[in-house]
Amino acid sequence: MTDDQLSTLIKDAIGAAERAYVPYSHYHVGAALHTPDGAVYAGCNVENAAYPATICAERVALVKAVSEGERTFDTIVVATNNGGSPCGLCRQMLYEFAPKLRVVMVDFEGAVHWDGVLSDLLLNGFGPTDLET
Ligand code: THU
């Protein structure tokens, strides 16, 4: 991915965070998931009065993409006010499709706080191959 493409993806993630529905935590999260073909699926966190029903931005982006037929991903940008890190559930769901996904955590100024590979965030993760007999 070029620097320009990454800048666009960062803007997409920050834009998605603006649409977060967060009346409880007030913590806006935006995610922009990129495919090798150049498609981008953005998501924001959507909270619920029944708190555990809340869904994270990363999983919104992922399920949007998979439900549109995408299964191959190369990069995700996650945007928060403090460059926060994806939760364990999101790491696991992303790992299913892309253990080598590039994960870039940014703040709302676009500053990069972390840039690395999903398998380093979910060491020795459980995936589809673990179910092969
Ligand atoms: N959140 C995300 O959207 N992604 C994460 O990976 C971490 C947490 C959301 C869920 C909730 O709406 C808020 O951040 C506070 O936990």
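**Helix packing and cysteines**

Mentor: In this predicted model, α2 passes α3 in a left-handed crossing, meaning that the near helix is turned anticlockwise from the far one by less than a right angle. Helices here are DSSP runs of H or I with at least four residues, numbered from the N terminus. Residues are numbered from 1 along each chain as its sequence is written. Local features need pLDDT of at least 70, side-chain atom pairs count only at pLDDT 80 or more, totals for chains, interfaces and linings use all residues, and side-chain values use heavy atoms, with hydrogens and water left out.

Trainee: At what angle do helix α2 and helix α3 pack?

Mentor: Two packed helices are described by the angle between their axes and the distance between the axes. Helix α2 (residues 57-67) and helix α3 (residues 88-97) pack at about 25 degrees, with axes 9 Å apart. They are therefore roughly parallel, a term for angles under 35 degrees.

Trainee: Which residues of α2 and α3 make the contact?

Mentor: Contact means heavy atoms within 4.5 Å. E58, R59, L62, V63 and V66 of α2 meet L89, C90, M93, L94 and F97 of α3.

Trainee: How many disulfides does the structure hold?

Mentor: A disulfide is a pair of cysteine sulfur atoms within 2.5 Å, and the structure holds zero. The sulfur of C90 has its closest cysteine sulfur in C87, 3.7 Å away, which is too far for a bond.

Trainee: Is C90 buried or exposed?

Mentor: C90 is buried, at 0% relative accessibility, where buried means under 20% relative accessible area, exposed over 50%, and partly exposed in between, with a 1.4 Å probe and protein chains only.

Conventions
Axes fitted to C-alpha atoms, helices over the stretch in contact; angles between N-to-C directions. Helix = DSSP H or I, 4+ residues; strand = E, 2+ residues; numbered from the N terminus. Parallel < 35°, antiparallel > 145°, perpendicular 65-115°, else oblique.
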